[in-house]
Amino acid sequence: MTAEKRTAGAQFTLFPMTGDFVDIILGALDETDTGNVETETDNVSTEIRGSIENIFDVMQSIFLHAAKTGEHVALSGTAAIGCPGSSCTGGENRHKSSLNREKSAEAGQKAGAKFSLYPLGDTDYMEKIEAQIDLSSEPDIDVKPAQGATRLDGEAGDIFRILEKAFSNVSESVGHTAMAFTISANSPSDKG
(Lines give C-alpha, C1' and ligand atoms only; values in the text may rest on other atoms or scores of the structure.)
Protein backbone atom coordinates (compact mmCIF):
# COMPACT_ATOMS: atom_id res chain seq x y z
CA MET A 1 0.00 0.00 0.00
CA THR A 2 1.38 3.40 -0.91
CA ALA A 3 1.85 6.14 1.68
CA GLU A 4 -1.05 8.07 0.11
CA LYS A 5 -3.45 5.22 0.97
CA ARG A 6 -2.12 4.63 4.48
CA THR A 7 -3.48 6.56 7.43
CA ALA A 8 -1.18 9.28 8.67
CA GLY A 9 -1.55 11.46 11.72
CA ALA A 10 -0.48 14.86 12.90
CA GLN A 11 -0.49 16.52 16.28
CA PHE A 12 -0.11 20.29 16.28
CA THR A 13 -0.63 23.40 18.36
CA LEU A 14 -1.59 26.82 17.03
CA PHE A 15 0.01 29.77 18.82
CA PRO A 16 -1.56 33.21 18.16
CA MET A 17 0.64 35.83 19.88
CA THR A 18 -2.24 38.05 21.00
CA GLY A 19 -4.78 38.47 23.76
CA ASP A 20 -7.47 37.39 21.27
CA PHE A 21 -5.91 33.94 20.94
CA VAL A 22 -9.12 32.05 21.80
CA ASP A 23 -11.12 33.74 19.03
CA ILE A 24 -8.32 33.19 16.50
CA ILE A 25 -7.93 29.50 17.35
CA LEU A 26 -11.65 28.76 17.40
CA GLY A 27 -12.21 30.83 14.25
CA ALA A 28 -9.49 28.97 12.35
CA LEU A 29 -10.93 25.62 13.45
CA ASP A 30 -14.48 26.70 12.50
CA GLU A 31 -13.44 27.96 9.05
CA THR A 32 -11.59 24.74 8.17
CA ASP A 33 -13.48 21.80 6.71
CA THR A 34 -12.27 18.74 8.63
CA GLY A 35 -14.73 16.31 7.05
CA ASN A 36 -11.95 14.15 5.56
CA VAL A 37 -9.99 13.66 8.78
CA GLU A 38 -10.64 12.40 12.27
CA THR A 39 -10.10 15.27 14.70
CA GLU A 40 -9.56 15.41 18.44
CA THR A 41 -8.74 18.67 20.21
CA ASP A 42 -7.79 19.04 23.85
CA ASN A 43 -6.19 21.75 25.98
CA VAL A 44 -2.71 21.07 24.55
CA SER A 45 -3.08 20.26 20.87
CA THR A 46 -5.21 19.09 17.98
CA GLU A 47 -4.71 15.61 16.59
CA ILE A 48 -5.87 14.68 13.10
CA ARG A 49 -5.77 11.38 11.21
CA GLY A 50 -6.36 10.70 7.52
CA SER A 51 -4.47 10.61 4.25
CA ILE A 52 -1.22 12.58 3.99
CA GLU A 53 -2.89 14.96 1.54
CA ASN A 54 -5.79 15.62 3.90
CA ILE A 55 -3.79 16.16 7.10
CA PHE A 56 -1.58 18.75 5.38
CA ASP A 57 -4.67 20.34 3.80
CA VAL A 58 -6.28 20.80 7.22
CA MET A 59 -3.13 22.12 8.90
CA GLN A 60 -2.52 24.60 6.08
CA SER A 61 -6.11 25.85 6.25
CA ILE A 62 -6.02 26.33 10.02
CA PHE A 63 -2.70 28.18 9.78
CA LEU A 64 -3.85 30.45 6.94
CA HIS A 65 -7.14 31.32 8.65
CA ALA A 66 -5.23 32.28 11.79
CA ALA A 67 -2.57 34.22 9.86
CA LYS A 68 -5.08 36.27 7.87
CA THR A 69 -5.90 38.12 11.12
CA GLY A 70 -2.53 39.87 10.75
CA GLU A 71 -1.47 38.71 14.20
CA HIS A 72 1.81 36.88 14.72
CA VAL A 73 0.88 33.17 14.65
CA ALA A 74 2.83 29.93 14.66
CA LEU A 75 1.78 26.33 14.15
CA SER A 76 4.08 23.68 15.53
CA GLY A 77 3.66 19.94 15.41
CA THR A 78 4.63 16.48 14.27
CA ALA A 79 3.30 14.38 11.39
CA ALA A 80 3.81 10.62 11.42
CA ILE A 81 2.88 7.51 9.48
CA GLY A 82 3.42 3.86 10.31
CA CYS A 83 3.65 4.38 14.05
CA PRO A 84 3.26 1.19 16.05
CA GLY A 85 -0.01 1.19 17.96
CA SER A 86 -1.64 4.05 16.05
CA SER A 87 -5.15 3.45 14.88
CA CYS A 88 -8.04 5.10 13.13
CA THR A 89 -11.72 4.43 13.60
CA GLY A 90 -14.30 4.85 10.86
CA GLY A 91 -12.52 6.82 8.20
CA GLU A 92 -14.58 6.27 5.07
CA ASN A 93 -13.63 9.83 3.98
CA ARG A 94 -9.93 9.62 4.87
CA HIS A 95 -8.77 9.27 1.28
CA LYS A 96 -11.13 11.59 -0.60
CA SER A 97 -9.82 14.79 -2.14
CA SER A 98 -8.82 17.76 -0.01
CA LEU A 99 -11.65 20.03 1.05
CA ASN A 100 -9.71 23.24 1.72
CA ARG A 101 -7.14 23.40 -1.13
CA GLU A 102 -9.07 25.74 -3.41
CA LYS A 103 -9.78 28.30 -0.69
CA SER A 104 -6.22 28.03 0.70
CA ALA A 105 -4.76 28.59 -2.78
CA GLU A 106 -6.43 32.03 -2.86
CA ALA A 107 -4.60 33.17 0.28
CA GLY A 108 -1.29 34.96 -0.11
CA GLN A 109 0.72 34.71 3.09
CA LYS A 110 4.47 34.99 3.61
CA ALA A 111 5.83 32.60 6.21
CA GLY A 112 8.95 31.02 7.60
CA ALA A 113 9.28 27.39 8.64
CA LYS A 114 11.72 24.86 9.98
CA PHE A 115 11.31 21.13 9.55
CA SER A 116 13.15 17.95 10.46
CA LEU A 117 12.44 14.68 8.70
CA TYR A 118 12.94 11.29 10.40
CA PRO A 119 12.94 8.11 8.25
CA LEU A 120 12.86 5.82 11.29
CA GLY A 121 14.67 2.49 11.14
CA ASP A 122 16.16 3.20 7.71
CA THR A 123 19.92 2.71 7.30
CA ASP A 124 20.12 5.15 4.34
CA TYR A 125 18.27 7.89 6.22
CA MET A 126 20.72 10.69 5.33
CA GLU A 127 20.29 10.08 1.59
CA LYS A 128 16.52 10.20 1.96
CA ILE A 129 16.66 13.43 4.00
CA GLU A 130 19.11 15.12 1.62
CA ALA A 131 16.90 14.26 -1.39
CA GLN A 132 14.01 16.10 0.27
CA ILE A 133 16.15 19.13 1.10
CA ASP A 134 17.05 19.27 -2.60
CA LEU A 135 13.30 19.14 -3.40
CA SER A 136 12.71 22.24 -1.30
CA SER A 137 15.21 24.28 -3.35
CA GLU A 138 12.69 26.06 -5.56
CA PRO A 139 13.07 29.54 -7.07
CA ASP A 140 10.39 31.10 -4.84
CA ILE A 141 11.56 29.43 -1.62
CA ASP A 142 14.62 30.50 0.33
CA VAL A 143 16.25 27.39 1.83
CA LYS A 144 18.86 27.49 4.60
CA PRO A 145 20.32 24.86 6.90
CA ALA A 146 19.49 25.16 10.60
CA GLN A 147 20.61 23.14 13.61
CA GLY A 148 19.05 19.71 13.01
CA ALA A 149 16.52 21.21 10.58
CA THR A 150 15.94 22.92 7.26
CA ARG A 151 14.63 26.50 7.12
CA LEU A 152 12.13 27.52 4.41
CA ASP A 153 10.97 31.09 3.71
CA GLY A 154 8.35 32.08 1.12
CA GLU A 155 4.63 31.72 0.50
CA ALA A 156 2.89 29.56 3.11
CA GLY A 157 1.16 27.53 0.40
CA ASP A 158 4.51 26.65 -1.20
CA ILE A 159 5.97 25.76 2.20
CA PHE A 160 3.08 23.41 3.05
CA ARG A 161 3.33 21.82 -0.42
CA ILE A 162 7.04 21.13 0.15
CA LEU A 163 6.43 19.74 3.64
CA GLU A 164 3.69 17.43 2.32
CA LYS A 165 5.77 16.27 -0.66
CA ALA A 166 8.89 15.59 1.45
CA PHE A 167 6.86 13.64 4.00
CA SER A 168 5.01 11.70 1.31
CA ASN A 169 8.16 10.91 -0.69
CA VAL A 170 9.97 9.41 2.29
CA SER A 171 6.83 7.57 3.42
CA GLU A 172 6.75 5.74 0.08
CA SER A 173 9.93 3.84 0.93
CA VAL A 174 10.14 4.02 4.74
CA GLY A 175 7.36 2.35 6.71
CA HIS A 176 7.69 4.53 9.81
CA THR A 177 8.33 8.20 9.06
CA ALA A 178 7.98 11.30 11.22
CA MET A 179 8.40 15.02 10.57
CA ALA A 180 8.65 17.81 13.13
CA PHE A 181 7.83 21.30 11.89
CA THR A 182 7.07 24.87 12.92
CA ILE A 183 5.68 27.54 10.62
CA SER A 184 5.28 31.20 11.53
CA ALA A 185 3.64 34.26 9.92
CA ASN A 186 3.38 37.97 10.67
CA SER A 187 6.36 37.87 13.03
CA PRO A 188 7.69 41.22 14.29
CA SER A 189 11.14 39.86 13.35
CA ASP A 190 10.13 40.07 9.67
CA LYS A 191 9.66 43.83 9.94
CA GLY A 192 13.35 44.33 10.59
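Tutor: Gladly! Let's begin with what an angle stands for: axes are lines fitted to C-alpha atoms, and angles run from 0 to 180 degrees between N-to-C directions. Keep in mind that this is a predicted model. With that in hand, α1 lies across β1 and β3 (46-50), and α1 runs at about 145° to β1.

Student: Across which strands does α2 lie, and at what angle does α2 run to β4?

Tutor: Helix α2 lies across β1, β3, β4, β5 (110-120) and β8 (176-185). Its direction is at about 175° to β4.

Student: Let's turn to the sheet. In what order do the eight strands come?

Tutor: The order is β2-β3-β1-β4-β8-β5-β7-β6, in an open sheet with antiparallel pairing. The edges are taken by β2 (38-41) and β6 (142-146); each has a single partner strand, so one side of each is left without a neighbour in the sheet. On average, neighbouring strands are turned by 20° against each other, direction ignored.

Student: How do I read the pairing of β1 with its neighbours?

Tutor: Count the bridges, then look at individual partners. Strand β1 (residues 8-16) is joined to β4 by nine bridges, and the two run antiparallel. Alanine 10 has alanine 79 of β4 as its bridge partner, while threonine 13 stands opposite serine 76 in β4. Towards β3, the antiparallel pairing of β1 covers five bridges. There, glycine 9 is partnered by arginine 49 of β3, and phenylalanine 12 by threonine 46 of β3.

Student: And what joins β2 to β3?

Tutor: A hairpin does, through four residues. These two strands pair in the antiparallel sense over four bridges, and threonine 39 stands opposite isoleucine 48 in β3.

Student: Which way do side chains point in a strand?

Tutor: As a general idea, the side chains of a regular strand alternate between the two faces of the sheet. For burial, the cut-off to remember is under 20% relative accessible area.

Student: How many residues of β1 and of β3 are buried?

Tutor: In β1, seven of the nine residues are buried, so this strand is largely enclosed by the rest of the structure. In β3, four of the five residues are buried, and the strand is mostly covered.

Student: Now the helix pairs. At what angle do α1 and α2 cross?

Tutor: Helix α1 (residues 21-31) and helix α2 (residues 52-67) cross at roughly 135°, and their axes come within 8 Å. To name such an angle, recall that over 145 degrees counts as roughly antiparallel and 65 to 115 as roughly perpendicular. On the α1 side the contact is made by Ile24, Ala28, Leu29 and Glu31, and on the α2 side by Ile62, His65 and Ala66. Sorted by class, that contact has five nonpolar, one polar and one charged residues.

Student: How does α2 pack with α5?

Tutor: Helix α2 and helix α5 (residues 156-173) pack at an angle of about 155°, with axes 10 Å apart. That makes α2 roughly antiparallel to α5. This crossing, too, is listed as right-handed. From α2, the residues involved include Phe56, Met59 and Phe63, and those they meet in α5 include Phe160, Leu163 and Phe167. By class, the contact of α2 with α5 has nine nonpolar, four polar and two charged residues.

Student: One last stop: is lysine 68 buried or exposed?

Tutor: Lysine 68 is exposed, with a relative accessible area of 51%; the cut-off for that word is over 50%. You will find lysine 68 in the loop between α2 and β4 (73-81).

Student: Which residues does lysine 68 contact, leaving aside its neighbours within four places in sequence?

Tutor: Those are Glu31 and Gln109. The C-alpha atoms of lysine 68 and glutamine 109 are separated by 7.7 Å, although the two residues are 41 residues apart along the chain.

Definitions and conventions. Residues numbered from 1 in each chain as written. Predicted model: local features only at pLDDT ≥ 70, side-chain atom pairs only at ≥ 80, totals over all residues. Heavy atoms only, no water. Contact = heavy atoms within 4.5 Å. Nonpolar A, V, L, I, M, F, W, Y, C, P; charged D, E, K, R; others polar. Buried < 20%, exposed > 50% of the residue type's maximum accessible area, 1.4 Å probe, protein only. Pairing = 2+ DSSP bridges. Parallel < 35°, antiparallel > 145°, perpendicular 65-115°, else oblique. Left-handed = near helix turned anticlockwise from the far one by under 90°.
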